[in-house]
Amino acid sequence: MIVARGLTKTYGPKTAVDDLSFTVEPGRVTGFLGPNGAGKSTTMRMLLGLDRPTSGSATVNGRSYAASPAPLREVGALLEARALHPGRSARDHLRWLAASNGIPRARIDQVLDLVGLEAVADQRVGRFSLGMGQRLGIAVALLGDPPVVVLDEPVNGLDPEGIRWVRNLARELAGQGRTVLVSSHLMSEMALTADHLIVVGRGRMLADCSMSRFIADHAASYVRVRSPRTAEVETLLRQHGLDVDRQDVDRQDGELRVQGLDAAGIGELVGGAGLHLHELTLVQSSLEDAFMTLTADSVEYAAHQTETAGALR
Amino acid sequence: MSAGPTTSAAPLPSAAGPDVVRLDPDRHVPGRRAPGFGAALNAEWIKFWTVRSSRWSLGLLFALGAGLTTLICWGAARDLAAGATTEVPETFITFGLLFSQLTAVALGALVVTSEYGTGMVRATLTAVPRRGRVLAAKAVVLAGVLFVAGVVTAFAGYLGGNWFLDREGFGVALSDDGVLRALVGNGLYLAGLGLFAMALGLLVRHTAAALTVGIALVLVVGNLAYALPGAWGEWVAKVMPGNAGGTVAQVLPFNGGAVLGPWTGFGVFAAETAALLIVATLVFRRRDA
């Protein structure tokens, strides 16, 4: 279990992490979500005793990371940036790590096998692809078979097969009763992996709740209504107190977005007035959209033209 | 953020729910005990020998140190035989040190700056969060390796160089005054120099910067200091790290400038190195990795 209390980190006038308090419980995958620059990596470095908090504290299994006599047996961490020497082989990298925490050498082959790197274990890691580097990082995290696993952006650079593997691994580790904290800036990734979410933006806590609660609270839905007589339908719906949003109604593919009543109710209303409908669809906005909305004010490096976002969709 | 998840009261994995199995921490990794300084030392030892730069630097140290001593003695032997020099043979017997000391500086700096350059330092500190212990382990490995390499190099240089000197009748015996001290002193000086450079590396965290500062301080500034005027100028020159530390590794000083006695000089150098290491350790312990 990981507990952060009032965790704060400032660099000069800039506050990277602002009074974060949260608990990461065992037995489930906790997603640590936020846009780039939200303070996720800084928070994780503080959890691991690499960075000193300006104020507040973080404990792992009841004590600070640095106080652990054999930290790799207690917490396994995949750090965001590659933390290895390019001239050393994967096996040698695991060898010194194992030696530092009194982990038997037999475990090295186990983790190499687990992440699928046994064939390239004796190659210099400088030649590894980004994905292979990530796999080695995960091997490092699992070396001490730790009850707490912290993975910073684990799917970066992985191919779809690798992404699914990490997703399943995280769920499996949590299923074994471990505490699993996975950071990502991709909501879609978290939606498939995490049971619980901690969302941060500009170093501040935006949400700390279960995934289902997050969906219920933030993923808005509306009913898409299209009709050859849009204006009349709109007037009718507004008369019944519904919230109507016009989208390109002057064009052929224009639509009304209606909130406040379900599709069946809207259909009956419109039908009762003798108007025709060409489409009546419940649209559930994606979690990605919900995340965007939630973090809109806290994005560090926002693109200013909304067209850019549209063009890339 | 209102109602959090329905958490069970007990935080232990075994009580988290019926779907959660109890985790046996010793399943794959038996033998749970607190690894001490020995484990950190072992880790640093493995790290040292598993990168090419260490082996290259040591190879170069030996080649420059022993090779140049032999070469210089070969040339000196002829000059001595021809009466073309007023130098004494003892001056030349550890001469390669002038160059091998550069590799010791490089090796000492690289031991830490390569970790900063690659991000390795974060892996190191997650494995061994006690920073003083990390530095102590690094220092023991570095100093131990350089001491052995320095002594071996000096003996090889002595054997090679003395063969030429001996041929011309100017041989230097191991039992001669200061010879054995200089050979062993070679190891001591290079070990100290490695630690000095390691401390510099910790402070500047950048390979090129650490090398530049280290080499400039030990060689360039050290020699320039002899140009300073007056008694205080001579004093400054004497206590420059390279000048003070090098005395223990030479039977007689190469450059003819004023130097401290071998053990006094080495004592001064050791104190300078220790002071720099203490500052570097304090900084390293406070700094974010």
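Biologist: What share of the residues of chain A count as buried?

Modeller: Of its 313 residues, 53% count as buried. Keep in mind that this is a predicted model.

Biologist: Noted. How many helices and strands are there in chain A?

Modeller: Chain A has 12 helices and 13 strands. Its C-alpha atoms fill a box of roughly 80 × 45 × 35 Å, taken along the principal axes.

Biologist: And what part of the contacts in chain A comes from residues 24 or more positions apart?

Modeller: Take the contacts with a separation of 6 or more. Residues 24 or more positions apart account for 70% of those in chain A.

Biologist: Let's look at the sheet. In what order do the six strands of chain A run?

Modeller: The order is S5-S6-S7-S3-S8-S9. The sheet is open, and its pairing is mixed.

Biologist: Which are the edge strands?

Modeller: Strand S5 (75-78) and strand S9 (204-210) of chain A. Each pairs on one side only. Neighbouring strands in this sheet are turned by 15° against each other on average, ignoring direction.

Biologist: Which helix packs on the sheet and touches S5 and S6 of chain A?

Modeller: Helix H5 of chain A, residues 130-142. Its direction makes about 170° with that of S5(A).

Biologist: Pick one strand pair. In what sense do S6 and S7 of chain A pair?

Modeller: They pair in the parallel sense, over five bridges. S6 covers residues 148-152 and S7 covers residues 179-184. For one bridge, look at A:Val150: its partner in S7(A) is A:Leu181.

Biologist: I clicked on A:Ser210. Which strand is it in?

Modeller: A:Ser210 lies in strand S9 of chain A.

Biologist: Why does A:Ser210 count as buried?

Modeller: Its relative accessibility is 18%. The cut-off for buried is under 20%, so A:Ser210 counts as buried.

Biologist: What does A:Ser210 touch?

Modeller: A:Asp195 and A:His196, leaving out residues up to four places away in sequence.

Biologist: Switching to chain B. At what angle do helices H2 and H3 pack?

Modeller: About 165°, with their axes 8 Å apart. H2 spans residues 52-82 and H3 spans residues 97-118 of chain B. Angles over 145 degrees count as roughly antiparallel, so that is how H2(B) and H3(B) lie to each other. Their crossing is left-handed.

Biologist: Which residues meet there?

Modeller: From H2(B), they include B:Leu58, B:Leu61 and B:Leu64. From H3(B), they include B:Phe99, B:Ala104 and B:Leu107. The residues of the whole contact divide into nine nonpolar, six polar and no charged.

Biologist: Another pair: how do the axes of H5 and H10 of chain B cross?

Modeller: They come within 9 Å and cross at roughly 135°. H5 is residues 131-167 of chain B, and H10 is residues 262-286. H5(B) and H10(B) are therefore oblique to each other.

Biologist: Left-handed or right-handed?

Modeller: The crossing of H5(B) and H10(B) is right-handed.

Biologist: And which residues meet in that one?

Modeller: B:Arg131, B:Gly132 and B:Leu135 in H5(B) meet B:Thr281, B:Phe284 and B:Arg285 in H10(B). These divide into two nonpolar, two polar and two charged.

How values were computed
Residues numbered from 1 in each chain as written. Chains lettered and ligands numbered in written order. Predicted model: local features only at pLDDT ≥ 70, side-chain atom pairs only at ≥ 80, totals over all residues. Heavy atoms only, no water. Axes fitted to C-alpha atoms, helices over the stretch in contact; angles between N-to-C directions. Helix = DSSP H or I, 4+ residues; strand = E, 2+ residues; numbered from the N terminus. Parallel < 35°, antiparallel > 145°, perpendicular 65-115°, else oblique. Left-handed = near helix turned anticlockwise from the far one by under 90°. Contact = heavy atoms within 4.5 Å. Nonpolar A, V, L, I, M, F, W, Y, C, P; charged D, E, K, R; others polar. Pairing = 2+ DSSP bridges. Buried < 20%, exposed > 50% of the residue type's maximum accessible area, 1.4 Å probe, protein only.
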